Amino acid sequence: MDPTESKQEYQKYVDKKSPNSPIAKNIFNAFWTGGLICSIGQIIMNICKERGFDQTTSGTIVSIILIAIAAILTGLNIFNKIGKFCGAGSLVPITGFANSIVSPAMEYKSEGYVMGVGGKMFTVAGPVLVFGITSAIIVGLIFLIFNTQTVTLV
Amino acid sequence: MNLDWSNVFDWMQLLKCFAVGGAICVIGQILIDKTKLTPARILVIFVTTGAILGGLGIYKYVVDFAGAGATVPLTGFGYNLAKGTIEGAQQNGLIGVFTGGVKAAAGGIAAAVFFGYIASLIAKPKIKKQ
Amino acid sequence: MQKLGKQTIKFDAPPTIKVCSSIVGPKEADGPLCKYFDQTLEDEFWGEETWEKAESKIIKENVSGLIAKSGLATTDIDFVIAGDLLNQCISSSFGLRDTNIPYLGVFGACSTFAESLCIGSILVEGFAKNIICATSSHFCSAEKQFRFPLELGNQRPPTAQWTVTGSGAAMLSKEGEGPYITHITPGKIVDLGIKDANNMGAAMAPAFVDTLITHFKDTGRNPSYYDAIISGDLGYIGKDISIDIAKSRGYNIASNYNDCGVMIFDKNKQDTHSGGSGCGCCASVFSGYWFRQLKEKKVKKLLLIATGALMNSTSSQQGESIPGIAHAVAIEI
């Protein structure tokens with residue numbers, strides 16, 4: 001039978017023909033590498049707390065340190081290899097956010113520092129900030145509305 | 001450094017952190033492999049989910065249970081933003097809604113911008129030699 | 001020149017492919033076809049500041065290498081027909097701006113090499129004496145334009161293809177001892193609704209089979225007429241699909257068909273997933289490997305069908321499907 005008879009048929013046929021990602025292996029790698037990155041964060045957090053910082057400040061310090069490490073690894077051309085191995089294991093933690101800002105900054109340097117580095121830095125991470133900040137503000141507004149009726153969400 | 005290392009290496013806490021952090025990443029991996037979503041879309045899904053779960057007060061329990069296992073993934077970033085706006089709302093009302101979120105996440109955003117700029121000054125992209 | 005059937009042109013005085021020249025990047029040089037290329041590069045920048053400049057240099061040096069090989073002077077060349085993948089074909093136009101040869105920039109995505117051979121052979125059958133057809137692509141500039149920054153830590157799905165860094169160029173002449181371009185079959189746009197930009201082979205395979213079968217019907221030939229049928233850059237998945245579709249329409253091409261994207265890399269060692277792609281893929285593999293086979297008469301009848309995916313990053317973000325195209329060039333000695 002000719003698989004190109006209709007678009008639906010062809011899509012089905014192509015899905016069957018195309019190899020799937022090695023999902024078991026990818027999940028395993030994502031699990032242990034993601035868990036490891038979080039654990040490193042926890043250790044940094046514990047050290048901060050031991051040194052007398054409060055919960056919020058410790059969390060910020062953890063973010064900054066992990067972002068710095070990811071930025072350095074990206075700059076050393078290592079993060080893409082890590083990312084290829086870890087998949088979501090390095091993408092989902094804050095390291096992936098840092099990598100998604102540093103990598104276009106490096107790539108678009110050839111278009112100049114203002115419109116290249118400055119302008120293109122957020123090509124991948126920009127949506128994260130847009131949707132993160134917007135949804136947080138919506139959450140805050142809803143909270144305000146409910147809070148005036150003395151119904152608290154948190 | 002004069003640290004109590006048994007508090008730093010609290011194995012039970014680290015195990016919970018490892019398991020939850022790993023599990024959140026596994027959700028991301030399933031999205032990558034099964035839905036063909038681009039990395040930007042996956043990050044957006046996580047940050048938005050984190051903000052919503054934070055607003056509903058659910059994510060707080062995950063954070064209490066897993067610590068950095070819940071705050072280091074991008075859902076934690078979204079949670080942090082939502083927590084910031086709610087705290088801002090409590091303190092300053094409507095203005096707080098607009099200032100609280102970014103204030104809470106300021107360290108991470110500023111660090112990423114700064115290190116991104118520095119890296120672009122020093123480093124150059126190279127081909128993936130795999 | 002006469003038209004056969006629906007789409008095919010048969011040449012009365014078939015143009016000769018006088019010489020070919022190829023330059024490829026370091027990864028291609030690690031591949032199984034290394035020894036066939038004229039020049040291989042040590043690194044992707046080739047001493048330039050940007051990927052785009054490096055790609056321009058590749059096509060520029062390749063064209064000057066081709067002219068040197070042919071023994072002709074620049075003034076003997078009537079036209080250069082060139083194209084690439086970058087926006088508004090800047091690699092070709094910037095690379096060739098100092099050559100002082102009348103320039104026709106063409107775009108057919110990865111099918112550009114065959115498209116330029118088609119136009120070139122019509123011009124040679126007309127009045128032109130010597131014409132250069134050249135295309136190039138560069139992994140890094142293509143990744144930057146179509147996908148993600150190089151340093152982004154993402155995973156490539158198994159259906160993804162690897163853009164070839166390289167260029168191929170051919171000189172078509174009125175006089176010469178072959179191999180000759182005897183027929184061309186410019187293809188139609190075929191779109192079967194594939195939207196996955198990481199599965200180009202599947203998007204282009206229907207266009208390839210359409211042009212292939214139209215060519216057979218127009219010329220009255222069949223697959224066994226040719227010693228080799230070569231597609232441009234369908235990769236492993238596209239190749240597999242093409243064999244299937246052709247079979248379902250009554251043409252068995254399994255025995256003498258291969259794909260340049262499959263040939264250029266070692267899938268297992270080089271981690272290139274479904275194989276090579278890009279304007280430089282079929283151009284460099286034809287110029288390096290197949291032209292030599294024709295010259296040495298190891299292959300006497302070759303059907304080259306370069307395939308292209310006619311999309312850009314805007315169209316894929318807007319959710320458009322990927323239209324495919326394929327142009328066939330019959331080369332015989």
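**Briefing: a helix, domains and cores**

Just after H3(B), B:Gly57 takes a positive phi of about 80°. This is a predicted model, in which local features need pLDDT of at least 70 and side-chain atom pairs count only at pLDDT 80 or more, while totals for chains, interfaces and linings use all residues. Residues are numbered from 1 along each chain as its sequence is written, and chains are lettered from A, with ligands numbered from 1, in the order in which they are written.

**Helix H3 of chain B**
- Helix H3 of chain B covers residues 39-55, and its 17 residues reach 24 Å from the first C-alpha to the last, close to the 24 Å expected at 1.5 Å a residue; helices (H or I, at least four residues) and strands (E, at least two) are DSSP runs numbered from the N terminus, and the expected span is 1.5 Å times one less than the number of residues.
- Because 13 of the 17 residues of H3(B) are buried, the helix is largely enclosed by the rest of the structure, where buried means that 20 or more other C-beta atoms, placed from the backbone, lie within 10 Å of the residue's own.

**Domains of chain C**
- The domain assignment, which is automatic or from a database, gives chain C a domain 1 (2-173) and a domain 2 (180-332), whose C-alpha centres lie 17 Å apart.
- In chain C, 59 residues of domain 1 are in contact with 59 residues of domain 2, contact meaning that the C-beta atoms, placed from the backbone, lie within 7 Å.
- On the side of domain 1 of chain C that touches domain 2 of chain C, the largest share, 7 residues, comes from H4(C).

**Domains of chain A**
- Chain A is divided into domain 1 (7-123) and domain 2 (124-154), and 25 Å separate their centres, taken over C-alpha atoms.
- Here 6 residues of domain 1 of chain A are in contact with 4 residues of domain 2 of chain A.

**Chains B and C**
- Between these chains, 7 residues of chain B are in contact with 11 residues of chain C.

**Nonpolar cores**
- The largest nonpolar core has 105 residues, and those with the most contacts inside it are C:Ile132, C:Cys133, C:Leu304, C:Ile305 and C:Val329; such a core is a set of buried Ala, Val, Leu, Ile, Met, Phe, Trp, Tyr and Cys residues joined through C-beta atoms within 7 Å.
- A second, separate core of 82 residues includes A:Ala136, B:Ile42, B:Tyr59 and B:Val72.

Conventions: A residue is buried if 20 or more other C-beta atoms lie within 10 Å of its own, exposed if 12 or fewer, and partly exposed in between; C-beta atoms are placed from the backbone. Two residues are in contact if their C-beta atoms, placed from the backbone, lie within 7 Å.
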